[in-house]
Each structure stands twice: as structure tokens, then as C-alpha cells.
Amino acid sequence: PAQSPGLRCCQRVLAWVPVVIITLVVLWSYYAYVCELCLGMENTVVTSAYDSLFFVLLLVAYLIVFHVIFVLFVWTYWKSVFTLPLQPDKKFHMSYADKERYENEERPEAQRQILVEIARKLPVYTRTGNGAIRFCDRCQLIKPDRLIEMVNNCVGFSNYKFFLLFLMYSLLYCMYIAATVFKYVIKYWTDELTNGRSKFHVLFLLFVAVMFFLSLMFLFGYHCWLVSRNRSTLEAFSAPVFQNGPDKNGFNLGFVKNIQQVFGEEKKLWLLPILIFCLCLPSQGDGHSFPMRTLCEAQNPLLANEDNCWVDSKIVTENPL
């Protein structure tokens, strides 16, 4: 059933809570690593008559690598949260009258019928598992993009690369912190270091880094698997339904082409949160239409290497990521 405008407003406000929490954790981790670990440890080493020159050079190296990873991590997170999906054609938006009729209707069957009537003249080729038209309640339009709502944003063609890079660099960020902090945790544990305030920050920093690393490792690995098969999250659980029936590999173009669908053809830009079409370079799509396997290949995978089984035409889909 359709949500009321007041409920949607409350949901959007509450959706910012995880973003604020993650931002605060990242800011604290920066303070704990730079101020409490690196700068605070330098003072401890000097006053303890250690080889200060070597240790200072080591801390400088730690800080340089840390800031490179930190900038990439924050950059990709910012792009994931604030890069909106591509605006679809106006024909995918509801008219004011249709929107009022849809929101005032309480029966799910009647709502589905309203969407069918609106989408009758639209180039929509996929459906939900029960044959219904997909509708994005957040964007208030019939879905032309294979998107899902994550990180307080709709993640789709225009920002899925940013989301994947955010997972990768956050994983790298946690791994780097855990690797460089661990030996100092051992020193605090054996009372070799005694700075009480820094001890709390360093110990908690290791705990948080390991905890996030383990959770992100599985999430990032899962999305890498999805990209390798050119599937969205929901397509992995429920095969997209086309006019000729469901096909879980309907968008699978092969490993290399699947990677290019997300990251583009310019390999030197794959690790940077930059969209190919923003640089006026050849891209793999427009976010509204997606290439798919031809019917002959879907019926006989042995024909995948035959040229006559690949077409340049694209279909418009609204299947969520």
C-alpha cells in the first residue's frame, strides 16, 4: 500500500540517523588514529628514550598511507550518499491525478491495477515475481532503473560504482587500522606503554576496526559476486521476469562486460569515484536501459560465443538493484 506523505517524511528523517552515526564513528577514528595513536605515541617514545628518529619516520609513513586511504574512503562515501540516481524521463512519473488516485486507494490489488494502466504505454519489460509493476515509493515513479535504497540513497546505475568503491575502501580502511594498531595494543596489554587516555582509544579503535572489517568483508564479497554476474540484489533472490518468462541470467553478458557495465571501459578510472559519462567518455549505458542476452543464448548457453546471438539493442527495465 501507498505511504502517506507524513510517513515518507518521517522515514527520510530517520534514514539520516545511520549516516550521522557512521560520520561520527569515522571522525572519531580519525582523531583516535592521528591524535591519540600517532601524535600521542611520539611523545611517549621521546620521553622513554627510544630511538625517536626511526619511530618518527615510521609514524610519518603511517600517517601518509592513512590519509590516502582516508581521503578515498570519505570521497566514495560522500559520492554514495549524495549522488542521486539519474532522473528518468517524465513519462515514468505519475501525473498529479494518478498520484492522488494511487495514494488514496487502500486495496493492493487496485493499486497494482493503477500501475498497470499507467505503465501500459511505457517501455517497461520486467515485472515483480507476481507480475506486478515495480514502483519506487521514495522517488514516486515507475522504476526505470535497477536500484535499491541503501546508505540513505537509491543506489543504481549512476552511483553503484561509488557504493562498491565505498565498500572496498572502507574495508581497506579498517584493515589498515587494525594492522597498524595491533602491535601497540599488545604493548598496552603488557604494560609496555602506559598512557591511559590513549590506551582506551587504541583498544577501542582496534575493536571497531575488526568488527566493521568482518561485516564489510562479507558484504563486499557478495556485491563482487553480483557484479560478476550482472545481477542486482533482488535479482539474486528472485529472477527478473521478462516477456518470455523469468531468466536469472537475463542481464549476464559475460564477466568482462559485466564489470564494464558498472565500472566502464576506462580501466585507469575503475578505482576512482568518477563516472564515465561525466567525462564524456564511452559508457556502458544510461541508467534507463540495459543490454541483455538474446533469447537464443538464454535457451542454449553454448551459443554464447556466436556473434549472431549478441545484439546491440537494449531494453528498458525497472528492476530494483
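Is Arg101 buried, exposed or partly exposed, and what is its relative accessible area? In this predicted model, Arg101 is partly exposed, and its relative accessible area is 37%.

## Salt bridges around Arg101

Over the whole structure, a search for salt bridges returns 3 of them. One of these joins Arg101 to Asp98, with 3.3 Å between the closest N and O atoms. Both residues belong to helix α4, which covers residues 96–104, and because they are 3 residues apart in that helix, about one helical turn separates Arg101 from Asp98.

Arg101 also forms a salt bridge with Glu117, and for this pair the closest N and O atoms lie 3.6 Å apart. Glu117 is part of helix α5 (residues 108–119), whereas Arg101 is in helix α4, so the contact ties together parts that are 16 residues apart in sequence. Glu117 counts as partly exposed, its relative accessibility being 37%. Taken together, Asp98, Arg101 and Glu117 are linked in a network of salt bridges.

## The pair Arg107 and Glu105

Another salt bridge is found between Arg107 and Glu105, where the closest N and O atoms are 2.9 Å apart. Arg107 has a relative accessibility of 53% and therefore counts as exposed, since the cut-off for that class is over 50%.

## A nonpolar surface patch

Apart from the charged pairs, the model has a nonpolar surface patch of about 640 Å², which is made by Trp16, Val20, Leu24, Leu27, Trp78 and Phe82. The elements that contribute two or more residues to this patch are α2, spanning 16–47, and α3, spanning 52–82. Of these, α2 provides the largest share of the patch, namely 4 residues.

Phe82, one of the residues that make the patch, is located in helix α3. With a relative accessibility of 41%, Phe82 counts as partly exposed, because that class takes in values between the 20% limit for buried residues and the 50% limit for exposed ones.

Notes: Residues numbered from 1 in each chain as written. Predicted model: local features only at pLDDT ≥ 70, side-chain atom pairs only at ≥ 80, totals over all residues. Heavy atoms only, no water. Salt bridge = Lys/Arg side-chain N within 4 Å of Asp/Glu carboxyl O. Buried < 20%, exposed > 50% of the residue type's maximum accessible area, 1.4 Å probe, protein only. Patch = residues over 30% accessible without salt bridge, like charges linked within 9 Å, V, L, I, M, F, W, Y side chains within 5 Å. Areas by Shrake-Rupley, 256 points an atom, 1.4 Å probe, with all protein chains shown as cover.
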